[in-house]
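Biologist: Can you take me through this one? I have the sequence and the structure open.
Modeller: Fine, here it is.

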There are 2 protein chains.
Amino acid sequence: MFVISKNELNCVLNQYQKSGFNKTKMLKDILENYENYQPGLSIDCVIFGFHDNQLKVLLIKIPHRETWSLPGGFIPVNQDIDVAAVTVLNERTGVDGIFLRQFATFGKVKRNDQHFSKEALEYLEIFEEKAKWLTRRFVTIGYYALVDFLKTIPKPANKDEIIEWIDHKEVPELILDHKEILGKALATLRMELNLMPVGYNLLPEKFTIPELQKLYETILDKKLDRRNFLRKITNIGILTKLDEKKSNVAHKAPNLYTFDKDKYKEVLKNGLNQGW
Amino acid sequence: MFVISKNELNCVLNQYQKSGFNKTKMLKDILENYENYQPGLSIDCVIFGFHDNQLKVLLIKIPHRETWSLPGGFIPVNQDIDVAAVTVLNERTGVDGIFLRQFATFGKVKRNDQHFSKEALEYLEIFEEKAKWLTRRFVTIGYYALVDFLKTIPKPANKDEIIEWIDHKEVPELILDHKEILGKALATLRMELNLMPVGYNLLPEKFTIPELQKLYETILDKKLDRRNFLRKITNIGILTKLDEKKSNVAHKAPNLYTFDKDKYKEVLKNGLNQGW
DNA sequence: TGCAAATGTGTTATTATGACGCAATGTAAT
DNA sequence: ATTACATTGCGTCATAATAACACATTTGCA
């Protein structure tokens, strides 16, 4: 979502004149073709990565703004929403070729860009239907993905935008209800951990059991017993032990593993704990 | 969603003149105030009930149509979507005071009412923006609820509409992608069965273990062992055994139980199978 | 009266889980 | 080199959960 507050207007305008290709222009482009986009509906993406034994989230900051936001955008009328999610993520971050999973839709009445003041709209020459289109309540569909931190290098669509991996425990204030959206994504991920294996997309090709355990502990926000974790995770049958140890580590070198792709997919289909 | 095909037009028109308060009028009312509704966005409800040891779904049939549909409708701009879901269900079925849970959002490009032919729109005097508003792609948010079959007596908003409880295994052809929506709701319900207790809203005050088991078997589409089911379900600690047996039954009279409301809620919060 | 069908209450073997013990491996300080 | 220490790998044990099954009880009905 695009948010421009009154007090940021001058900064944005200066920036606009300098760069010639920034958020504001992107916004104008969309507004000029607003009939090609689904009205009052947007998509926001929660992209999780794992690095330094920490769960990271991909966030975007518009220059001269204090608050960050999730990468999001509008829905082309000629795209299924699942396709639009990929489009949106790619347009905002350059990230492509990943599987996005819908997890919830957010539609509080207050979900509009209240920061679009009359002055801002006039300054940006947004009037009438366009202004109405932009300032109405936007319902947003949340998608999340788990990606390989090292292989996913975000590229801002506009040079003056900042995209960063931020530790999920150190996420600053976010615009609108993006904090709630992020929280819901994490809760969904936490639930899914009980139903299916997780890690294939989050960890590098080769990894150690302690690394995988840290991932689980981070997502669950809970300490697990080393020995029981090893037994349980290996019993699932999705891991292949390599004849190779991790190098350049303090203390005893841990063994390296890979995921058995076939068995992993099989377990994904059937689920872990059937319960009944 | 309102669907009127070319060949049904005459029937609908006749009906309109007779009843004076039907689907078409409802549609007109909405279109006259279409700015009060979220554009291109709707809500569809999947209401589950349980009766005669069968899982039932609440479906609506418009007169002179062959296909049924889920109870759905549009979203007032001044209501949170969760509130709008309750509003929509109440307006279409008269059912009120139940908890609706969002489970997925559906937004294929083809999700529009293709049956609105030019002739139909002209006949109904729907032109310009109104026609555009109505015929665009509608993204729909799916909500589901579990209700007490005997206490939930649907009342059609229009006298010529038919609302019926239909066995989930005998659901006929539905409009648009409503079959897919129903399937997803059932899949969600099936998954939730592994995470939390189910039955509080679906069964009457007093019920028997075999009845509860039938409910589980119906949702899971799987046979369960009587004795193991009893042990597992009682171990959860949400049941209170009554000093009373079911009367007027063939064979041995089964014992009656109630849910321990407090413990039930407690388990709902914490979940069943933590997994990790 | 006896049978069929359903319920109530076990038993047993197997597996999964949680809470530990202890040796092996490597770094770093003395 | 020796020692301390953190971390990994492998194993034990008591308990709980699960799957499969046996048997007695209750009730309607032929």
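Modeller: One term before we start: two strands pair if DSSP finds at least two bridges between them. Also, this is a predicted model.

Biologist: OK. In β5(A), which residue is the bridge partner of Leu41(A)?
Modeller: Val139(A) is the bridge partner of Leu41(A). β1(A) and β5(A) pair over 8 bridges, in the parallel sense.

Biologist: And how many bridges join β4(A) to β5(A)?
Modeller: There are 5, and β4(A) and β5(A) run antiparallel. As an example, Thr140(A) in β5(A) has Phe106(A) standing opposite.

Biologist: Why is β5(A) described as largely enclosed?
Modeller: Because 8 of the 8 residues of β5(A) are buried, the rest of the structure largely encloses it.

Biologist: Which residues of β5(A) point which way?
Modeller: Val139(A), Ile141(A), Tyr143(A) and Ala145(A) point one way, and Thr140(A), Gly142(A), Tyr144(A) and Leu146(A) point the other way. All of them are buried. In a regular strand, side chains alternate between the two faces of the sheet.

Biologist: What about chain A overall? How many helices and strands are there?
Modeller: Chain A has 9 helices and 8 strands. Of its 276 residues, 33% count as buried. Take the contacts in chain A between residues at least 6 apart in sequence: 74% of them join residues at least 24 apart.

Biologist: Which residues of the largest nonpolar core touch the most other members?
Modeller: That core has 105 residues, and those touching the most other members are Cys45(A), Val46(A), Phe48(A), Ala85(A), Cys45(B), Val46(B) and Ala85(B).

Biologist: Pick Ala85(B). What is it in contact with, leaving aside neighbours within four places in sequence?
Modeller: Ala85(B) is then in contact with Ile43(B), Cys45(B), Leu100(B) and Tyr143(B).

Biologist: Next, the contact between the chains. How many residues does it take from chain A and chain B?
Modeller: It takes 30 residues from chain A and 30 residues from chain B. On the side of chain A that touches chain B, β1 (37-51), β4 (101-106), β5 (139-146) and α7 (209-220) each supply at least two residues. β1(A) gives the most to that side, with 4 residues. By class, the residues on that side of chain A are 16 nonpolar, 11 polar and 3 charged.

Biologist: How can chain A be laid on chain B?
Modeller: A turn of 180 degrees with a shift of 0.0 Å along the axis does it, with an RMSD of 0.0 Å. The two copies are therefore related as by a two-fold rotation axis. The same surface serves both copies, as 100% of the contact residues of chain A recur in chain B.

Biologist: Now the DNA. Which residues come nearest to DNA strand C?
Modeller: Of the 16 residues around DNA strand C, the nearest are Arg227(A), Lys252(A), Pro210(B), Arg227(B) and Asn255(B).

Technical notes
Residues are numbered from 1 along each chain as its sequence is written. Chains are lettered from A and ligands numbered from 1 in the order in which they are written. This is a predicted model: local features need pLDDT of at least 70, side-chain atom pairs count only at pLDDT 80 or more; totals for chains, interfaces and linings use all residues. Two residues are in contact if their C-beta atoms, placed from the backbone, lie within 7 Å. Ala, Val, Leu, Ile, Met, Phe, Trp, Tyr, Cys and Pro count as nonpolar, Asp, Glu, Lys and Arg as charged, and the others, Gly among them, as polar. Copies are superposed by least squares on the C-alpha atoms of residues with pLDDT of at least 70 in both. A residue is near a molecule or strand if its C-beta atom, placed from the backbone, lies within 6 Å of it. A residue is buried if 20 or more other C-beta atoms lie within 10 Å of its own, exposed if 12 or fewer, and partly exposed in between; C-beta atoms are placed from the backbone. A nonpolar core is a set of buried Ala, Val, Leu, Ile, Met, Phe, Trp, Tyr and Cys residues joined through C-beta atoms within 7 Å.
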